[in-house]
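I record each item as I consulted it.

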Amino acid sequence: MTQTTQVLVAFPSQAKLSRVVPKSKIYEHSQLASAQRDRFVAQVEQIRWAYKLAPETINLPARAEVPEIQVFDIELKGAELDDEVLRAIDRAIPFPIIFQLHRDRQIRMVAAFKRPSQAEAGQWVLGDYLSSPWLPDDAERQPLPMALDLLGLYEQLLRNLLPHPARTGESLAEQLERLARLRSRQSEYQKLETRLHREKQFNRKVALNAQLRELKQEIDRLSA
């Protein structure tokens with residue numbers, strides 16, 4: 001299976017804001033339940049609005065789907081951050097967001113594909129969160145990908161977080177759907193392997209092996 005090289009991105013200095021975002025503002029806009037707020041308090045040390053990628057800061061035209069891209073730095077209190085905390089922030093901010101999580105001199109980039117809802121004006125639809133590996137916070141960074149507009153830049157930033165490259169002519173939505181199917185089939189494969197190792201009857205072992213071969217072929221197709 002071909003893997004993409006997941007790297008950190010160097011955001012341009014002219015787009016830098018570095019403003020602390022009060023957690024109370026996120027609570028207000030996301031209408032968090034008490035359990036969610038407790039998780040937020042337990043896991044997040046500080047939120048900082050780090051960069052604003054917009055026509056006036058990086059000279060790329062906006063698109064209706066991506067008028068701006070925000071970059072948020074989140075300093076963690078512990079080792080991990082629950083996706084629900086990120087969803088609360090994403091729900092509170094009406095723009096696509098790239099998160100940079102920081103812990104113990106390590107950093108990872110995280111984002112979910114965020115697009116305007118076609119059913120409800122003013123609402124946004126969030127996909128699953130994608131992330132880079134944890135990397136040293138002084139790891140080398142690559143310049144912003146080349147793009148014609150903010151939509152193209154956003155798609156490239158998200159593709160940078162995917163474990164397998166896009167096929168020729170494959171849209172981001174198609175790539176995400178294919179990789180979601182791949183994860184599902186990989187999960188099925190692991191469960192079937194576990195069943196095979198526990199199975200005692202020969203005829204059932206034969207049937208499970210046949211299912212595993214079919215799944216393996218589909219996994220290979222989806223990851224190619």
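**Entry 1: Tyr-129**

I located Tyr-129 in strand β7, which covers residues 124-131. The model I am reading is a predicted one.

I next looked up which residues surround it. Setting aside neighbours within four places in sequence, I found Tyr-129 in contact with Asp-83, Leu-86, Arg-87, Asp-90, Phe-99, Val-110, Ala-111 and Ala-112. Two of these residues I followed further. The side chain of Asp-90 makes a polar contact of 2.7 Å with the side chain of Tyr-129. For Leu-86, I noted that the backbone oxygen lies 3.3 Å from a polar atom of the Tyr-129 side chain.

I also checked the separation of Tyr-129 from Ser-184. The two are 55 residues apart in sequence, and their C-alpha atoms are 15 Å apart in space.

**Entry 2: Lys-52**

I found Lys-52 in strand β3, residues 44-53. Its side chain is joined to that of Glu-56 by a polar contact of 3.1 Å. Not counting residues up to four places away in sequence, I listed Ala-15, Leu-17, Thr-57, Glu-68, Ile-69 and Gln-70 as the residues that Lys-52 touches.

**Entry 3: Helices α1 and α2**

I turned to the packing of helix α1 (residues 23-30) with helix α2 (residues 34-43). Their axes come within 12 Å and cross at roughly 160 degrees. The crossing is right-handed.

Which residues make the contact? From α1 I noted Lys-23, Ile-26 and Tyr-27, and from α2 Arg-37, Phe-40 and Val-41. By class, I recorded 4 nonpolar and 2 charged residues, with no polar ones.

I placed Gln-175 in helix α6, which runs over residues 172-198. Its relative accessible area is 1%, and Gln-175 is buried. Leaving aside neighbours within four places in sequence, I found Gln-175 in contact with Arg-159, Leu-162, His-164, Pro-165, Ala-166 and Glu-170.

I then examined how α6 packs with helix α7 (residues 202-223). The angle is about 160 degrees and the axes are 9 Å apart. The two helices are therefore roughly antiparallel to each other. I noted a left-handed crossing for α6 and α7, whereas that of α1 and α2 is right-handed.

On the α6 side, the residues of the contact include Arg-178, Arg-181, Leu-182, Arg-185 and Tyr-189. On the α7 side, I noted among them Lys-205, Leu-208, Leu-212, Leu-215 and Ile-219. By class, the contact of α6 with α7 has 9 nonpolar, 4 polar and 9 charged residues.

**Entry 4: The chain as a whole**

Along its principal axes, the C-alpha trace spans about 65 × 45 × 40 Å.

Of the 224 residues of the protein chain, 40% count as buried. I lastly looked up the contacts between residues at least 6 apart in sequence, of which 66% join residues at least 24 apart.

Methods: Residues numbered from 1 in each chain as written. Predicted model: local features only at pLDDT ≥ 70, side-chain atom pairs only at ≥ 80, totals over all residues. Heavy atoms only, no water. Axes fitted to C-alpha atoms, helices over the stretch in contact; angles between N-to-C directions. Helix = DSSP H or I, 4+ residues; strand = E, 2+ residues; numbered from the N terminus. Left-handed = near helix turned anticlockwise from the far one by under 90°. Contact = heavy atoms within 4.5 Å. Nonpolar A, V, L, I, M, F, W, Y, C, P; charged D, E, K, R; others polar. Polar contact = N/O pair within 3.5 Å; in protein donor to acceptor, adjacent residues only side chain to side chain. Buried < 20%, exposed > 50% of the residue type's maximum accessible area, 1.4 Å probe, protein only. Parallel < 35°, antiparallel > 145°, perpendicular 65-115°, else oblique.
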